[in-house]
Amino acid sequence: NPILFPSWHLDHTETDSCWQYDPTTVPLADWIPRQGKEDPKLALETLTADINDELGRNYSLAYEEAQLAVRMVDWLPAPRGG
């Protein structure tokens, strides 16, 4: 079953599994814990320029989609006076 409205998390440890990444935060702050390393320095050692570039693209596109979704939610009820 699809998750239509995953709960909004306040901490990366509460992120629903359907979120591949969190576009509402700084990319590295989200990426580092997802690497599964106990020490953030160990995760940063695996960060390459290519990974960093990909993070930038992915997070900017996801943020753009989130903004579009917010605009649609604002727009949909507007014609009905909501």
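What share of the contacts in the protein with a separation of 6 or more comes from residues 24 or more positions apart? The share is 31%, where contact means heavy atoms within 4.5 Å. The model is predicted: local features need pLDDT of at least 70, side-chain atom pairs count only at pLDDT 80 or more, and totals for chains, interfaces and linings use all residues. Residues are numbered from 1 along each chain as its sequence is written, and side-chain values use heavy atoms, with hydrogens and water left out.

**Overall make-up**

- The protein has three helices and zero strands, in the order α-α-α along the sequence.
- Helices (H or I, at least four residues) and strands (E, at least two) are DSSP runs, numbered from the N terminus.
- Of the 82 residues, 15% are buried; buried means under 20% relative accessible area, exposed over 50%, and partly exposed in between (1.4 Å probe, protein chains only).

**Helix α1 and D30**

- D30 is part of helix α1, which spans residues 27–34.
- D30 counts as buried because its relative accessibility is 3%.
- W31 and I32 of α1 are buried along with D30.
- The buried residues of α1 pack against α2 (40–45) and α3.
- Leaving aside residues up to four places away in sequence, D30 touches Y21, D22, T25 and Y59.
- G36 follows α1 and has a positive phi, near 75 degrees.

**Packing of α1 on α3**

- The axes of α1 and α3 are 10 Å apart, and the two helices pack at an angle of about 115 degrees.
- Axes are lines fitted to C-alpha atoms, for helices over the stretch in contact, and angles run from 0 to 180 degrees between N-to-C directions.
- The crossing of α1 past α3 is right-handed.
- A crossing is left-handed if the near helix is turned anticlockwise from the far one by less than a right angle, and right-handed if clockwise.
- On the α1 side the contact involves P27, L28, D30 and W31, which meet I51, L55 and Y59 of α3.
- Six residues of this contact are nonpolar, none is polar and one is charged.
- Ala, Val, Leu, Ile, Met, Phe, Trp, Tyr, Cys and Pro count as nonpolar, Asp, Glu, Lys and Arg as charged, and the others, Gly among them, as polar.

**The aromatic pair**

- The whole structure contains one aromatic pair.
- Y21 and Y59 form this pair, which is tilted, at 4.9 Å centre to centre with 35 degrees between the planes.
- The pair links distant parts of the chain, 38 residues apart: Y21 lies in the segment before α1, and Y59 in helix α3 (residues 49–75).
- Rings of Phe, Tyr and Trp (its six-membered ring) pair if their centres lie within 6.5 Å; planes under 30 degrees apart count as stacked, over 60 as edge-to-face and the rest as tilted.
- Y21 counts as partly exposed because its relative accessibility is 24%, whereas Y59 is buried at 5%.

**D11**

- D11 lies in the segment before α1 and, at 33% relative accessibility, counts as partly exposed.
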